[in-house]
Number of protein chains: 2
Amino acid sequence: MKEFGVEDIKPILDRYNLDHHLIRRGFFFAHRDLDKILDIYHSGREFAIVSGRGPSNKVHIGHMLIFNFVKWMQEKFGVEVYIPLSDDEKYVFGKVKDLNEAEFFAYDNALDIFSIGLNPKKTHFFISTRYPALYRYSVTLSRNLTFSTVRAVFGFKGETNPGAIFYPIVQSAHILLPTIEKGLPVLVPIAIDQDPYIRVVRDISAKMELFKPAAIHSKFLRGLDGRPMSASNPKTTIFLTEDESSIRKKVWNALTGGWKRAKDQRKYGGKPELCVVFEWFSTYFLKSDDDLKKVEMECRNGEKLCGQCKEELIDYLTDYIREHKRKRRESIKELRGTFMHEVNEEIMSKVEGMDDESR
Amino acid sequence: MKEFGVEDIKPILDRYNLDHHLIRRGFFFAHRDLDKILDIYHSGREFAIVSGRGPSNKVHIGHMLIFNFVKWMQEKFGVEVYIPLSDDEKYVFGKVKDLNEAEFFAYDNALDIFSIGLNPKKTHFFISTRYPALYRYSVTLSRNLTFSTVRAVFGFKGETNPGAIFYPIVQSAHILLPTIEKGLPVLVPIAIDQDPYIRVVRDISAKMELFKPAAIHSKFLRGLDGRPMSASNPKTTIFLTEDESSIRKKVWNALTGGWKRAKDQRKYGGKPELCVVFEWFSTYFLKSDDDLKKVEMECRNGEKLCGQCKEELIDYLTDYIREHKRKRRESIKELRGTFMHEVNEEIMSKVEGMDDESR
């Protein structure tokens, strides 16, 4: 919190009745102006959530954690949710071979996100290079930022694509879109490492006398090896496309807080605070504090062995993903209506076809 | 030509029968690959001309010179003409207060340009922030250029708007639009100081294996004080909105090649090579070489005094602008159809209303 200059979330939880397990358990731990935007809400005005996705790969369970939280916020506060899909970002930073590849993942990822049960009337997807007014908004904002600031915040080199220097402005336009188009103040749920983008958009907003977007900051969900989950480490990541055998193989390699020998575990007990399996219980599968406490105790006192926890996690994940695939198939029809621009039929039907065949 | 590394135009004139007074008289004096694009034309394939306008002010006669030449090319070669109106450029470089101001000048300037008699079926205007696919094209091109190159060519500072660093790519997308959308090779008529933009777009094209845009380079038309004509020096510039009394006032202050006293002029003769009035005869009003030669001789041998030439120029300009205003009014109806995107009704009708009232 000190490094990024953000506020602790704990002091404001009771005031706003923010009772979600991801907040209680410290996954969302910091904020900027969350109190301000909730005061606005409680004074009877609406706000919007902007929660983006960089479409360069399949969605994994780490991404879904944020969107599940967004869904909860949407239900609790009735907010409009805007989901920018930044094909341009992934292209200018060299993460996809072309914009069509990013567009394929955009529709694919949107389907995963939408299918968690977001309200189709209050959820708005757009692909960065496909939304006609976005470049105009970006140009409008650009005058309130200098190259020095962009360089200081993001640190560019000579070989940088000039599109990457412009991109922080485009991302600011993503975030300010509900403010520009509807006059809605914005809240952004975001992983803490992305806070520099929030600082940039808040600077721009202040200069333009627009509401400075509020943010709620999360930690990273850890991958199975204990490092932050990332699609570029597929062995330690659970994608929403996994089948049971691959889940099983991956989970059995998970980092835990237990002993190698069952004997030691029974004698000394494990350390759930180190264990990725326990973290996934805590963030995903055990929403009741009593259930979670029980697992924690059984681990610490040596009653429960890592193998048992892993088998439980495999079951949870398998059920979760089976259910997700079903919901994904059912969401296809409504997805198009949630896009703020015409969809590319060729690419969209490829995404749809994929679900028909293999899921 | 050495400084910019461009080719002399003279050696290729006869081969392609390029008989236009602005070429004969050295106003268009250099090129890149003009021979290549004309070879393509003579082999039976089409090409396109891209000739942009930065809409931050009224159009003056210096701008029109280029567009008159474009019209001649359109008639001679039957080419499609694309006219990007770079509202974004004028905004990111701080030349307009907002994008709406630039959009007003975009429609206003487009009307001036179109009314010279461009073919409505083969002329395509677009405003940079209004053409939906333009940002996508720009992002696609961006990967073929580095920040180092942009900095080396255009020399940015810390306080630069990051939009200005991205703009060379957007301008490349303007120029390559007919190639991207229609597969047409492109020719750009351009003032010599704009050649760095051509170098950038040619570099990008080479990397993407697209046809490298050809260019034909002009000098500047001089303003009445002998410096390059510029809208920011209104006293020495003739806008297309001038009336006779303001033309008279400005032209009487023109730099000439004559003597202060009529006596000296009659004795020693004048120097037409220094004279702005003569330059405007040469570029605009005396297309017959015999007529021009006659004025030159009468000046050199002291027969004709500067006052006479100025009075003639006032008459030419007054007639030209009166005629232009008439054609402008007549062109209003057809203008909308030449835009490649929806026009902003509010701003367009302001431009139209202006002509109804005051011209």
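In this predicted model, strand E7 of chain B is largely enclosed by the rest of the structure, because five of its five residues are buried. B:Ala214, B:Ile216 and B:Ser218 point one way from E7(B), whereas B:Ala215 and B:His217 point the other way, and all are buried.

Strand E7(B) belongs to an open sheet of seven strands, arranged in the order E1-E2-E7-E6-E3-E4-E5 with mixed pairing. The edges of this sheet are formed by strand E1 (7-8) and strand E5 (123-127) of chain B, each of which pairs on one side only. Helix H3 (residues 34-42) of chain B packs on the sheet and touches strand E2 (28-32), E6 and E7 of chain B. The direction of H3 makes about 125 degrees with that of E7(B).

Both partners of E7(B) can be described in terms of bridges. With E2(B), the pairing is antiparallel and extends over four bridges; here B:Arg32 has B:Ala215 of E7(B) as its bridge partner. With E6(B), the pairing is parallel and extends over five bridges, and B:Leu187 stands opposite B:Ala214 of E7(B). B:Leu187 of E6(B) also stands opposite B:Ile49. Strand E3 (residues 48-50) of chain B and strand E6 (residues 186-191) of chain B run parallel and are joined by two bridges.

Within E7 (residues 214-218), B:His217 has a relative accessible area of 0% and is therefore classed as buried, the limit being under 20%. Beyond residues up to four places away in sequence, B:His217 touches B:Val6, B:Ile190, B:Ile192 and B:Asp195, among others. Its contacts also include B:Phe27, B:Phe28, B:Phe29, B:Ala30, B:His31 and B:Arg32.

In chain A, A:Thr123 is located in strand E5 (residues 123-127). A:Thr123 counts as buried because its relative accessibility is 1%. Apart from neighbours within four places in sequence, A:Thr123 is in contact with A:Gln74, A:Val81, A:Ile83, A:Leu118 and A:Thr338. The contact with A:Gln74 includes a polar one between the two side chains, at 3.1 Å. The side chain of A:Thr123 also reaches the backbone oxygen of A:Asn119, at 2.8 Å. A separation of 18 Å is found between the C-alpha atoms of A:Thr123 and A:Arg329, which lie 206 residues apart along the chain.

The two chains meet through 37 residues from chain B and 37 residues from chain A. About 3000 Å² is buried between them, with carbon and sulfur atoms giving 58% of this area. On the side of chain B, the residues that lose the most area to chain A are B:Tyr135, B:Arg136 and B:Arg143, which together account for 27% of what that side buries. Four salt bridges are counted between the chains. B:Arg136 forms a salt bridge with A:Glu103, in which the closest N and O atoms are 3.4 Å apart. Polar contacts between chain B and chain A comprise 24 residue pairs, both residues being at pLDDT 80 or more. The elements that give two or more residues to the side of chain B touching chain A are helices H5 (87-92), H6 (99-114), H7 (134-142), H8 (147-154) and H9 (162-182) of chain B. H9(B) gives the most to that side, with six residues.

Terms used. Residues numbered from 1 in each chain as written. Chains lettered and ligands numbered in written order. Predicted model: local features only at pLDDT ≥ 70, side-chain atom pairs only at ≥ 80, totals over all residues. Heavy atoms only, no water. Buried < 20%, exposed > 50% of the residue type's maximum accessible area, 1.4 Å probe, protein only. Contact = heavy atoms within 4.5 Å. Pairing = 2+ DSSP bridges. Axes fitted to C-alpha atoms, helices over the stretch in contact; angles between N-to-C directions. Polar contact = N/O pair within 3.5 Å; in protein donor to acceptor, adjacent residues only side chain to side chain. Buried area = accessible area lost by both parts, 1.4 Å probe. Salt bridge = Lys/Arg side-chain N within 4 Å of Asp/Glu carboxyl O.
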